[in-house]
Amino acid sequence: MQSTTQSLDTQCRSDFPVLERRVRDDKALVYLDNAATTQKPIQVIDAITDYYKNHNSNIHRAVHALAEESTEAFEVTRSKVAKFLNIEKSEEIIFVKGTTEAINLVAYAWGRDNVQKGDIVVTTEYEHHSNIVPWQLLTQETGAELRYVDIDENGELMLEQLDEHLATGKVKLVAVSHVSNVLGTITDIKKVIKKCKDAGAKILVDGAQAVPHMKVDIGNLGCDFYAFSAHKMLGPTGVGVLWARKELLENMKPYQGGGDMIREVHKQETTWNDLPYKFEAGTPNVADVICFAAAIDYLTKIGMDNVRNHEIELTKYALEKMSKVKGLIIYGPKDAQRQGGVISFNFKDVHPHDVATIIDKNGVAIRSGHHCAQVLMEKLEVAATNRASFYIYTTKQEVDVLIDSLEQVAKVFKL
Amino acid sequence: MSGDPIYTEMIIEYSRNPSNFGKIENPQIHRHDSNPLCGDSIDLYVNVDGTKITDVKFDGKGCAICMACTSVLTEMIQNKTLDEVKNFQKDELLAELGLEHLIKTSPVRIKCALLSLKALKYGIYSYFTEKMNDVKAAGNLKEEAASLY
Ligand SMILES: Cc1ncc(COP(=O)(O)O)c(C=O)c1O
């Protein structure tokens, strides 16, 4: 990474080998599907190779040199996550395979003991399926009720509905995204957390689209559970984090039983290991957790404020240009300050897959589909949308290629 | 962008004005099918008189490829016998719209193109097995439908 006053993309672009790819008819790849997963810098790729070449070993259970090195490196990632997010107690950080598993862990290990018939769990219309389906399973199983906070025409949460739900006094948990993966809307998370605390409800924040893109200070946020995935922030797939307050974790039953999560096992009973190991049964994803540290280092070096500013600039630029493309409908806040680097859009009467196919020919990778957010699609009254999402290496020239391609779509479909 | 291998005038035209779009109340054959990944979702309705198809309609939502292919399929099978339709091959349908190349070039979009044919094959299979109690006539339609893409 070069460090100058150059734009962020210029500084870091050469660290990402895949961005040199040519696709389709020898077109430069324009990767705008970063909300799905980001590309990986050479530092992360090297870290994983280095691990397998030089250190590979199981962790926590042996005293030989490699095991010690691996265990140490695994725990270094935990401390780096703690520092990155201002978490004081690193034992509150549980490694899981992704945001989805983190949320499911809470739904099982906390939900089954704390949510009963007559209770209410609240989620929102702009959640990813991973923050809806686990709560459907929980509420259906326990006889509790699942309620939603709807969104307004700008794609923002109607918080007065949250007030109404909380006023029933029956809400046990509110599960909300920090940033919507479809609309990009940034939730006023401090406000939501305060409302929950005042009402005595627990709050889980799905930070899958927040942690990669802006400074998140979990230590001062005040929520109860926070989840995110490494692969959306330059890291490997198969690694995610559940953070939860220690008192909660201590009182929760384990999520899975097996090796590592135990202290002593007898024929009929077992005592649990300390946190965080109580929730990390079995051999974890050692290699990927270890190389996740390289991704955190990379982002730390850039600085999360710079990441956010770069995305604001690109989003502003793109929104302005897109608003001039014929027949294009943009969803969400349409305000770079109020949204992450994510823009969802449709062409009037053109199916998103046709859009994606046409622009894919120019090497532009966007996502079209329901983005695992069918509740939101229903609200928007569409089957699917197109979504362009940016990251640190995205350039204005790439946005220009996107815009040109969108103009082609308008032309092909005679809009 | 003239000469786009997929988005020809004909496909765009069909996507805007699909043929046989609508619903048949209480049809003899009804099959709903969807492509979960891209969100194409159609309902195919067919009426038969003995073994001859007398009416075909479809409704639903989908991309231009799905709308065009479904339109063309409904046109092609109108007034055909079930036996003729049973053996209908995917190449015939794709050729009608110049989309044969999708089989090779786009494993993703081929699903959009063949969704209606899959629905049709399953629909006829159910008609034979459930309404006519004629497993023999159904042949291996089900396997064929399942292996279309
Ligand atoms: C907001 C949000 N929540 C949850 C997820 C699920 O993350 P993962 O698939 O890494 O478990 C995603 C990723 O698509 C997301 O964008």
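Tyr127(B) and Phe128(B) are both buried, where buried means under 20% relative accessible area, exposed means over 50% and partly exposed lies in between, for a 1.4 Å probe and protein chains only. The model is a predicted one, in which local features need pLDDT of at least 70, side-chain atom pairs count only at pLDDT 80 or more, and totals for chains, interfaces and linings use all residues. Residues are numbered from 1 along each chain as its sequence is written, chains are lettered from A and ligands numbered from 1 in the order in which they are written, and side-chain values use heavy atoms, with hydrogens and water left out.

Over all chains, the structure holds ten aromatic pairs, a pair being two rings of Phe, Tyr or Trp (its six-membered ring) with centres within 6.5 Å, counted as stacked if the planes are under 30 degrees apart, as edge-to-face if over 60 and as tilted otherwise. One of these is the edge-to-face pair of Phe16(A) and Tyr298(A), with 5.9 Å from centre to centre and 80° between the planes. This pair links distant parts of the chain, since Phe16(A) lies in the loop between helix H1 (8-12) and strand S1 (22-23) of chain A, and Tyr298(A), 282 residues apart from it, lies in helix H10 (residues 286-302) of chain A. Helices (H or I, at least four residues) and strands (E, at least two) are DSSP runs numbered from the N terminus. Phe16(A) counts as buried because its relative accessibility is 0%, and Tyr298(A) counts as buried at 3%. The pair of Tyr127(B) and Phe128(B) is tilted, because the ring centres are 6.1 Å apart and the planes stand at 55°. Ring pairs also link Phe16(A), Tyr298(A), Tyr391(A) and Tyr393(A) into a cluster.

In chain A, the side chains of Arg338(A) and Glu156(A) meet in one of them at 2.7 Å, N to O. The two residues are 182 residues apart, Arg338(A) in the loop between strands S13 (328-331) and S14 and Glu156(A) in the loop between strand S6 (145-149) and helix H6 (159-167) of chain A. Arg338(A) is partly exposed, with a relative accessible area of 43%, whereas Glu156(A) counts as buried at 16%. In chain B, a salt bridge of 2.6 Å, N to O, joins Lys121(B) and Glu144(B). Lys121(B) counts as buried at 3% relative accessibility, and Glu144(B) as partly exposed at 24%. Salt bridges that share partners join Lys197(A), Asp224(A), Arg245(A) and Glu247(A) into one network.

The largest pocket has a volume of about 860 Å³. On a 1 Å grid over the protein atoms alone, a pocket is an open set of points where a 1.4 Å probe fits, with protein on both sides within 12 Å along at least five of seven lines, and lining residues have an atom within 4 Å of a point. Among the 34 lining residues, the closest to the centre of the largest pocket are Arg24(A), Thr357(A), Ser106(B), Val108(B) and Arg109(B). The second largest pocket holds about 420 Å³ of space, and of its 22 lining residues the closest to the centre are Asp349(A), Val350(A), His351(A), Lys61(B) and Gly62(B).

Technical notes:
Points joined across faces, edges and corners; volume = space filled by probe spheres on them. Salt bridge = Lys/Arg side-chain N within 4 Å of Asp/Glu carboxyl O.
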